[in-house]
Amino acid sequence: MKQVVQNYKSGELSVLDVPVPGCKPGGVLVRSAFSLISTGTEMMKVSEAGMSMVGKARSRPDQVAKVMQSVATNGLPATYRKVMGKLDSYTPLGYSLCGVVEQVGAGIDDVKVGDLVACAGNEHALHAELNWVPRNLYAQVPDGLAPQHAAFGTVGSIALQGVRQGEPQLGEVALVIGLGLIGQLVVQLLAASGVHVVGADPDPVRCELAERLGAVACGDPASAAVETAVAELTGGHGVDQVYLAAGGGSNQPVELAAHLSRDRGRVVDIGKCRLDLPWNAYYEKELDVRFSRSYGPGRYDPEYELEGRDYPIGYVRWTERRNLACFLDLMARGRVDVGPLVSHVADFEDAVETYRRLKDGELKAVTALFRYPSAEVEAPAPKLEVPAVRRPAAQAAPARSSKSPVRLAFVGAGNYATSMLLPHLAQREGVALSTVVTTTALSAANAQRKFGFAQATTDLDAVLGDESIDAVFVVTRHSSHADLTRKALLAGKTVFVEKPLALTEDELAGVLAAVEESGNDRLQVGFNRRFAPLLREAKNRLGARTGPASLRYLVNAGRLQHGSWYLQQGTEGSRFEGEGGHFIDTASWLLGADPVAVYAVAPSGNEDLQVVLRYPDGSTATISYVTSGAPAFPKETLDLLADGKVLKLDDFVRASVYGRKRWVSSRLPKARDKGQSNELASFIKAVRTGGPMPVPLESLVATTAATLAVQASLAGGAPVTLARSL
């Protein structure tokens with residue numbers, strides 16, 4: 001087999017033919033699919049090997065101390081021969097990979113031949129075609145996670161262990177110094193933990209990437225931007241924790257950590273940087289300095305790593321192996337996205353040239369991967385379960401007297417509620433705006449004054465317990481939609497919730513559990529485009545179809561302003577999770593069915609998305625959700641082709657249908673009607689009459705599941721089948 005090796009004396013790198021390792025008891029033989037090149041740790045080792053002997057000594061004073069001790073013990077000649085012999089030997093590179101189990105050693109019963117596993121260790125997860133990996137240094141890859149992403153398992157464990165050492169709490173503020181590979185992962189893990197993250201790195205490209213992956217703000221540590229962001233987020237108190245993920249010989253990271261930490265803050269060293277602690281600064285704030293040892297408990301313990309002796313979970317919750325499995329799970333569930341971090345994928349046979357390009361700066365990469373001849377490994381086809389809607393026998397919603405107004409309560413009164421919903425309801429006959437609930441008293445008072453609510457409050461329970469209120473509108477931030485909807489359904493209210501209905505499968509299941517428990521299925525999600533008059537007329541003009549259709553939907557979404565809460569992916573979900581349901585619902589309504597499979601791709605380092613939906617009759621819908629387009633171009637354009645006919649929609653301003661006869665609508669004014677008024681009218685009618693809701697609950701659930709499947713497909717790099725529960 002072939003393996004990447006380096007001669008530390010000469011610096012020579014080569015791909016060497018070496019014997020296949022034996023499959024010893026207590027481990028597995030793994031054929032590599034992808035291995036990760038650490039552009040920090042590995043490239044430091046490669047660079048050191050190219051130094052002179054004096055340079056090597058200066059870069060590794062710890063090793064010099066060992067040599068001097070050996071001289072004192074064994075004498076100069078013996079020590080010289082020992083050192084030269086060690087230097088003039090091949091040493092391996094690599095410590096993080098994903099591959100397929102080829103052989104199982106005695107005593108292993110948790111994986112089998114053919115299983116996909118992520119492997120760790122600078123002696124066992126090498127850049128080699130085959131590796132023997134002991135039990136505690138591998139973990140099975142979850143269904144749907146792409147092998148190239150699973151190759152991040154080890155570096156992800158390093159970042160995860162560092163975050164655990166910082167003990168982050170919800171709502172805290174953290175500073176990550178150094179936004180290389182580990183720093184980018186730390187940013188995502190902290191954001192997923194509900195922490196506000198500020199990043200510091202002199203590279204503006206890395207700063208921009210960290211902001212897209214969850215950081216609130218990033219900047220050059222030498223500028224005032226980082227200090228300003230910290231001051232704004234903490235009220236001048238300083239950050240709760242600092243993560244040192246930088247390398248090099250500068251003491252600036254340690255000094256910056258002291259300057260921007262709060263009193264008794266925590267400083268966690270993950271990277272290998274200079275640590276000359278400024279005594280006064282650290283003493284006066286009584287800073288808690290902590291070290292993160294690689295992948296977690298078990299590291300450097302031969303009984304754990306080589307002999308497979310696990311630590312009892314009651315005493316050591318997160319070991320090396322548990323951290324590895326946890327990080328793989330986070331990637332599989334879309335909580336961490338490593339796709340944007342992959343700057344280059346090279347064939348394994350080009351390893352030497354790849355290292356040269358990285359060392360010379362010709363190839364600039366946060367992360368690079370080696371792809372092996374066996375990389376045709378496919379992750380198991382992921383599936384996303386679409387929960388079944390179960391309605392126990394319940395009384396039909398009572399019809400209201402035509403003379404009695406429909407009494408509404410609003411939970412939330414942000415920009416969308418006050419600009420797109422309430423203006424249509426405030427003057428509508430037969431509607432009474434009863435109560436507005438917000439988290440701050442002033443925003444409730446403003447909504448009451450502007451739209452004429454009878455009451456304004458911050459007490460949600462009082463509203464849900466008010467039997468006079470017929471329907472509740474949930475128009476809050478995305479992360480609260482599912483929980484508020486569930487509570488309102490259990491309280492017996494008809495609910496209108498803005499998209500999205502849920503951000504996770506568990507949240508969606510929770511909403512449906514409330515429907516089943518209460519027998520109340522009176523729910524509408526704010527998918528308004530199917531109610532747009534222009535699109536409805538165009539659909540009628542197109543008429544019924546007999547064959548499969550092809551639908552193309554371009555959404556020129558544009559970039560968000562800095563600071564938008566839509567960018568808080570750790571708590572509020574991705575931008576597409578927030579509004580993508582609009583476009584999936586529109587496509588499904590036009591095609592008259594719910595999707596059965598979803599495939600999504602995104603260019604590396606880009607927020608643009610291509611989402612392909614497949615339908616039961618063979619129809620397809622492609623949604624191009626892009627942020628990199630020109631602002632002057634229309635936001636939404638749609639084409640539907642079927643049975644020799646074409647429906648075309650131009651940004652809800654003009655529509656046309658091409659067939660035997662051509663129909664073109666008149667051009668609408670600039671105020672585009674995207675259906676909110678008709679949607680609200682249909683909802684109010686359903687509340688008043690007790691008739692069916694405007695959109696079947698099964699359709700709302702299917703659209704939500706398809707939206708969630710987009711993130712799952714991105715994480716797994718493969719189509720996701722939408723399996724219906726029975």
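Predicted model: local features only at pLDDT ≥ 70, side-chain atom pairs only at ≥ 80, totals over all residues.
**Entry 1: α19 and α24**

I started with this pair and found that α19 and α24 are roughly antiparallel to each other, because their axes cross at roughly 165° and anything over 145 gets that label.

Next I looked up who touches whom. From α19 I have E505, L508, L512 and V515, and from α24 I have L697, V701, T704, A705 and L708. Sorting the residues of this contact by type gave me 7 nonpolar, 1 polar and 1 charged.

**Entry 2: α20 and α22**

Then I went to helix α20, residues 533-542, and helix α22, residues 575-591. Their axes sit 11 Å apart and the packing angle is about 30°. Angles under 35 degrees count as roughly parallel, so I put α20 and α22 down as roughly parallel to each other. I noted a right-handed crossing for α20 and α22.

On the α20 side I picked out L535, R536 and K539, which meet T586, W589 and L590 of α22. By type, the residues of this contact split into 3 nonpolar, 1 polar and 2 charged.

**Entry 3: the nonpolar cores**

Which residues have the most contacts inside the largest nonpolar core? I got V611 and L640, in a core of 76 residues. Helix α24, residues 697-716, gives this core its largest share, at 9 residues.

**Entry 4: helix α10**

What do the buried residues of α10 pack against? I first listed buried residues in this helix, which covers residues 252-260: P253, V254, L256, A257, A258 and L260. Their packing partners include four strands, β9 (173-177), β10 (196-200), β12 (239-244) and β13 (261-269). On the helix side, they pack against α9 (225-234) and α11.

Then I looked at positive phi in residues other than glycine. E286 has phi near 50°, and D651 has phi near 55°. E286 sits in the loop between α11 (279-284) and β14 (288-291), while D651 is in the loop between β29 (645-650) and β30 (654-658).

Is D651 buried or exposed? I have D651 as buried, because its relative accessibility is 6% and the cut-off for buried is under 20%. E286 comes out at 49% relative accessibility, so I logged E286 as partly exposed; exposed would need over 50%.

Notes:
Residues numbered from 1 in each chain as written. Heavy atoms only, no water. Axes fitted to C-alpha atoms, helices over the stretch in contact; angles between N-to-C directions. Helix = DSSP H or I, 4+ residues; strand = E, 2+ residues; numbered from the N terminus. Parallel < 35°, antiparallel > 145°, perpendicular 65-115°, else oblique. Left-handed = near helix turned anticlockwise from the far one by under 90°. Contact = heavy atoms within 4.5 Å. Nonpolar A, V, L, I, M, F, W, Y, C, P; charged D, E, K, R; others polar. Core = buried A, V, L, I, M, F, W, Y, C linked by side-chain atoms within 4.5 Å. Buried < 20%, exposed > 50% of the residue type's maximum accessible area, 1.4 Å probe, protein only.
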